[in-house]
Amino acid sequence: MTPEPQQLKSEPGHYDYWPYRNRPKITWPNGARLAFWVAPNIEFYELNPPKNPARAPWPLPSPAVAGYSIRDYGNRVGHMRQMKLLEKYGIRGSISLSTALCTHHPEIIEMCRERDWEFFSHGIYNTRYTYGMTESQERAMILESIETIERYAGKKPAGYLAPALSHSEVTLDLFAELGGIYTCDLFHDDQPTPITVRGGQRFISVPYSLELNDTIAYVVNKIEPRRYGQMIKDSFDRLYAEGATSGTVMCIPTHNYQVSCPHRMRAFEEALEYITGHSDVWATTGRKIADYYLANYYDAAMADIASKGKR
Amino acid sequence: MTTSPHPPLDDDYQQYPQRQYGMDHSRYEWSMLTDRKPVIWPNGKTLAVWVNVSVEHFPLNPIGKPIKLPGNMTMPYPDLRHFTLRDYGNRVGIYRFFDALDKHGVTPTIAMNTCLVERYPQLLDAVIARHDEIIGHSWSMDTAHAGGMDEAIEADLIKRSLDVLRGKTKQPVNGWLSPGKSESANTPDLLKANGVDYFCDWVNDDMPYPFHTKHGDIIAMPLSTELEDRFVVMDNFHSEQSWAEQVIDACDFLLAESQTQGGRILSVSLHPWVMGQPHRIKHVEAVLQYIMSKPDVWSASAGEICAAWQTAQIKSEKQLNTSIGG
């Protein structure tokens, strides 16, 4: 029986309100004020995925030529373009991986390994949604994705971004229980924040970004390419300035079927050139940010949140 | 205990029968662009420019089955506003295009709804007189090829569209662009069976590649949707100026890539009812002028580009055989 809205949670319950001002100061390694990371989504979308009653993967009857083929463009054409660009600007990618891609396109995985990129889990396929999964089904899916990454990349993932941003009430709890340390699923802050999970693990959110996510910018918000480049620069300017007070995080999540199209590469490259042209920028990966925060600021943040919560 | 408003899933939701090396279907092989042999276009050019002009008819009384394609009527019948604005392209915009193309020495490819060759013989004459390559574009913008379509109906639609187009134009017509780039699972097979050598619906590559059908391979030609005038200006609401910048940025990027990775294709898809408007045509002119000012550009029709690509494949295979034999 479908529950009424009143029977569902009114908020996620993963964090307490914590004002941006007067937090314990964060300083990133070597005195950097901004931790910068790029998160290429390396995804596999199925041409004929099974039905999920809560969400249709493709808007039209099968075969979904338009939707499927442009996403395949990312794998055939796009990733290599972005790899070349990130190499040029000395950035290690943190890839959000549909782990089935390890089987479909191991060549791409090998190229990421050669570049010592970080792998984090983005589920198995981006056409299999969490909606409607039982807890044990979701745990099995997440566990399988973790094990696949360990097998192909040599190391368990530290981070998770739910496939197609589809969640259950326990997604973050399950990932923390399976050994993860950070989530990219929450957009509530410009700094890492402690995340409450039911098992009480030390678990955090590392800012990803919805607004600077190329697919959100290009497909949902229909932003012009050069404006997207300007948005990235403007976002950087503000977070860099504020980082002098306390370290901030900036992420550019990408999808190479969008950002690596020929008419969009110039704007993206200019933005990367601009950002990496600044000193005191820590160009790093999601895991490095999470590790550093957990080791140096997590406890102070927890204490600050607790003290401010009391008033 | 968690609560979910979503229906439970079937057990097969966590089965992955198509998880295998390569694609999750058998229509084409998995291949990264950077792994392929570099292609050089005729006369040592590195960037082929393919300007596709879609000449379309949107009926006033669309059936909209199996799907309604973008650009069709949206207002209650009779939707004079959208009918006439689309028709504007065939009466006015197309002639502005012809002038702009000729001024800058651009060879276009014309994708034409077959119903237009009967409806507008004067337009047909104008197109024929130019000797531009004409490719199939189904019967009208209300004959969508899409999943759920009866195969016999689609077979007849494709055959009729090609027969009439070939008969009236006296051209071989061996290229095809499905309206809205929409297909049924049978479309590629039916196209190949009807003598079509290349089609332009799949946007997963920047270069041609072989696509399997029941009757042998058909070539998939890369006609970008992301850079298409209608998509950029009408769907994404970008300015005309921005569209022009996007094409120019793509031209620069592909030219640079072609210097190190071999020949590339810049595909520019235009609609007379969109870019043929008085306030937009100057941006088409600016784009064509910019592209044609580049010495490494080869302006050619889709069929010429496809043929040159096939020749390059045969050459590289011969080289391979020679080196193995030697």
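User: A residue is buried if 20 or more other C-beta atoms, placed from the backbone, lie within 10 Å of its own; it is exposed at 12 or fewer and partly exposed in between. Which residues cover the two faces of β8(B)?

Analyst: This is a predicted model: local features need pLDDT of at least 70, side-chain atom pairs count only at pLDDT 80 or more, and totals for chains, interfaces and linings use all residues. Residues are numbered from 1 along each chain as its sequence is written, while chains are lettered from A and ligands numbered from 1 in the order in which they are written. Strand β8 of chain B spans residues 264-270, and seven of its seven residues are buried. One face holds Arg264(B), Leu266(B), Val268(B) and Leu270(B), and the other holds Ile265(B), Ser267(B) and Ser269(B).

User: Which residue stands opposite Leu266(B)?

Analyst: Strands pair if DSSP finds at least two bridges between them. Strand β1 of chain B (residues 47-55) pairs with β8(B) in the parallel sense over seven bridges. The residue opposite Leu266(B) is Val49(B).

User: How many helices and strands does chain A have?

Analyst: Helices (H or I, at least four residues) and strands (E, at least two) are DSSP runs, numbered from the N terminus. The count for chain A is 10 helices and nine strands.

User: What is the radius of gyration of chain A?

Analyst: The radius is taken over C-alpha atoms, and the globule rule is 2.2 Å times the number of residues to the power 0.38. The C-alpha atoms of chain A fill a box of roughly 55 × 50 × 35 Å along the principal axes. Because a compact globule of 311 residues would have a radius near 19 Å, chain A agrees, at 19 Å.

User: Are helices α7(B) and α9(B) roughly parallel or roughly antiparallel?

Analyst: Axes are lines fitted to C-alpha atoms, for helices over the stretch in contact, with angles from 0 to 180 degrees between N-to-C directions. The axes of α7 (residues 240-261) and α9 (residues 281-292) of chain B come within 9 Å and cross at roughly 15°. Angles under 35 degrees count as roughly parallel, over 145 as roughly antiparallel, 65 to 115 as roughly perpendicular and the rest as oblique. That makes α7(B) and α9(B) roughly parallel.
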